[in-house]
Structure formats: structure tokens, C-alpha cells
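Please consult the sequence and the model while reading.

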Amino acid sequence: MRRLGSTRRTGRTRSRATGAVAGAAAVIALAALTAIPARAHEPERPVPHWELKDTGTPEARFRGLAAVSRNTAWLAGTGGTVLRTTDGGATWRNVSPPGAAELQFRDVEAFDARRAVVLAIGEGEASRVYRTDDGGATWTESFRNTDPKAFYDCLAFFDHRHGLAMSDPVDGKFRILSTRDGGRTWAVLPDEGMPAAQEGEAGFAASGQCLVTSGPKDVWLATGGAAHARVLHSADRGRNWTATDTPLPAGDPARGVFALAFRDRTHGLAVGGDFTPGRPSPNAAARTGDGGRTWRLAAAPPPAYRSGVAWLPHSRTAALAVGPTGTDLTTDGGRTWRTVDTGSYDTVDCTLDQGCWAAGEKGRVARLEH
């Protein structure tokens, strides 16, 4: 795994399959998010925008985000920080695990307002998993990595019980952890079905979206840092994988696929580029319509590196991508993107009740308002 913001060369949308909801809800959601201007005889339509929410933690950078609803969301970040809101971001409760101040939380998966699993990244024992069942009042450490060669990047769940975590390659292959009890216990899966890693290949702990799921068994893993930026896919909960090259930037430790989002088991988006400040990132987005077997570059990609991506609820074609230099919107399934905000965010997540959240550096958290 690559620790973004560090000079060391060490290497989630958590995909909630929203499906396509026909009818008025879909029309309203898409119309609002594309910000169609009103005609002269019509009342002015509100333009969707990010509304910042004060977390009271300007020292934290939140790359882990789990949106439960418009009212409830979890954040995970630097300094062992975990926050939770249940009132739409008006107030945030610090529910950080005790004794975790030296840890770097990069991913959080929440099932509801009380149950969540967080991942700390790093070499050796710095990679850990914690679970809470009482809204963060208490935590249980359910996994601590003891292999100095492993470095865990991301978590993803298929349902409330079954989930995976991924590590950068160990002995030439990506390592996969599996849980069947909601993250209370974990076991390393056999690696016979995992393709060999490329030289220098790893995942990016940039947004909690380098490992994503859709449906009961499909999971995808994003990579970078090697000659080719790849996406690996498993249709059996992580036991057997196939690898596909993508057209995103590669050939450098700072380049690759940083985030994935699948709205179903066939339609997906990939974003990334080069996270080095000041470097250009052409071709920072691609799309697939065959479950990741092939990827096509966006005809009009985001203008710079993007680290997070999420499908908008109740739409088959609209999605948001975020990064340090802005937010981009697609309304045609990833063929073209346009910048709609210039604020800095690392990750984004949306819920079925049209709650879209974004988080990033300096304690920045926002909810999309229509």
C-alpha cells in the first residue's frame, strides 16, 4: 500500500448496489443533480452543492467514510480518529477506539448507526481491524496483522456478515482476509486463485474504495504502482480472481486506479491518476459494462487526479468523483465528466435516501444539498 502524503514507497465505493429505481424518484434525483437551469417562466431551481459540516477536528484527514443515510455517517481518519453523526452532520461524536492515537484509519464500513468496522493501515502490527456494536461506545480489536510483509489497504462487505480486507502483495500475490461474522473474526484466504502481482504493484489507501463489492459474491480490487494499472475481479467472494489492465495512468509508484464503484455486477467506474501534487493526470477515469473484463477511457475525463467515486442513488447514469482539486459529475455513465466544485475531498459515499457525503483533509466533511 502507498501511504499518500508520505515519501515511503509502501502501498471502498464501498459499493452498495443501488440498482435502478424507475419513476418520479429517479427523475427528480437526476434533474436536481444535473442542475438543469430553469426556463424564464419557471421558478429558479436550487443548484446542488456541498454543504460543509463542522466536525471540530481540523487536524484530522478523513479518508474513511461510511454513509448510512442522510442523517447518519461514520468517518475514519488520522490520529486514530473515528467520528459519527446521527443528525445530518449538525453534531459529531468522537467515538475513537481507546489507545488508537498512533493509528491511521483509512476505511470504515458501517451497517447502521450502532454497528461499524474500521481498518487501520500500516506495516506489520499497524494494520488492525476494530468492530463496535454500540455506536462506538466500546470497540473490540478483531484482527492485528503479525506478518511484517503485509500492509492492509481496504475493507468491503457483501452483507452484514460476509466481508473481505485486502493487503498489498505478500510473496508475490495480494493477500485477502475474510470474515463470515460481520468482522468479529478474520481468516486469510488461500492464494491459489490469486494472479501474480506485477513488480511494484500495490493498492492505494486513498479513500477506502480500492476494494468494493456488488451483490452477494462479486468483488473488485484496484491496483497501481506498476507497469499497468489493473482491476482484479472475483465472483466467489475472493477465492478466485482474474486481472484486467486498465487504460488509467501507470508506470510510476504514484499512478494507478485509486477507487472503484459498481452500481451492479456489470457497470462500474474507475478513477485515479497520479497523486503527486502538480503532476498532470490525463485519462483519470474509465468505465466498464462487462463486470471489469474490459475498460474504456472517459471521452472527457476529470481534469486531475481523483481518489473517490460513487454512483448517485436511483440513477443508472449519474456519479460523482472527488479529489484534492475538486468534484466532478457524470450524467452519462462515466463517458464524460464536468467539474461542479473545487473543494478538496478524498472520498465520497451515497445512500438510497439520497444522502451523499464527502470527506477529506483538515477535518472537511460535507453533505450534498439540493
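Q: What makes Cys-210 count as buried in this predicted model?

A: The relative accessible area of Cys-210 is 0%. Buried means under 20%, so Cys-210 is classed as buried.

Q: How do you know that Cys-154 is buried?

A: Cys-154 likewise has a relative accessible area of 0%; the limit is under 20%, and therefore the term buried applies.

Q: Why is the link between Cys-154 and Cys-210 called a disulfide?

A: The S to S distance is 2.0 Å. Because the criterion is a pair of cysteine sulfur atoms within 2.5 Å, the link qualifies. With 120° about the S-S bond, this link is right-handed. Cys-154 lies in strand S10 and Cys-210 in the loop between strand S13 and S14, 56 residues apart, and the pair thus links distant parts of the chain.

Q: What makes the pair Cys-350 and Cys-356 a disulfide?

A: Their sulfur atoms are 2.1 Å apart, and the cut-off is within 2.5 Å, so this pair also meets the criterion. The link is right-handed, with 110° about the S-S bond, and both cysteines are buried. The structure holds two disulfides, paired 1-2, 3-4 in sequence order of the bonded cysteines.

Q: How do you know that strand S20 and S21 pair?

A: Two bridges connect S20 (residues 285–288) and S21 in the antiparallel sense. At least two bridges are required, so the strands are paired. Arg-287 has Arg-296 in S21 as its bridge partner.

Notes. Residues numbered from 1 in each chain as written. Predicted model: local features only at pLDDT ≥ 70, side-chain atom pairs only at ≥ 80, totals over all residues. Heavy atoms only, no water. Helix = DSSP H or I, 4+ residues; strand = E, 2+ residues; numbered from the N terminus. Buried < 20%, exposed > 50% of the residue type's maximum accessible area, 1.4 Å probe, protein only.
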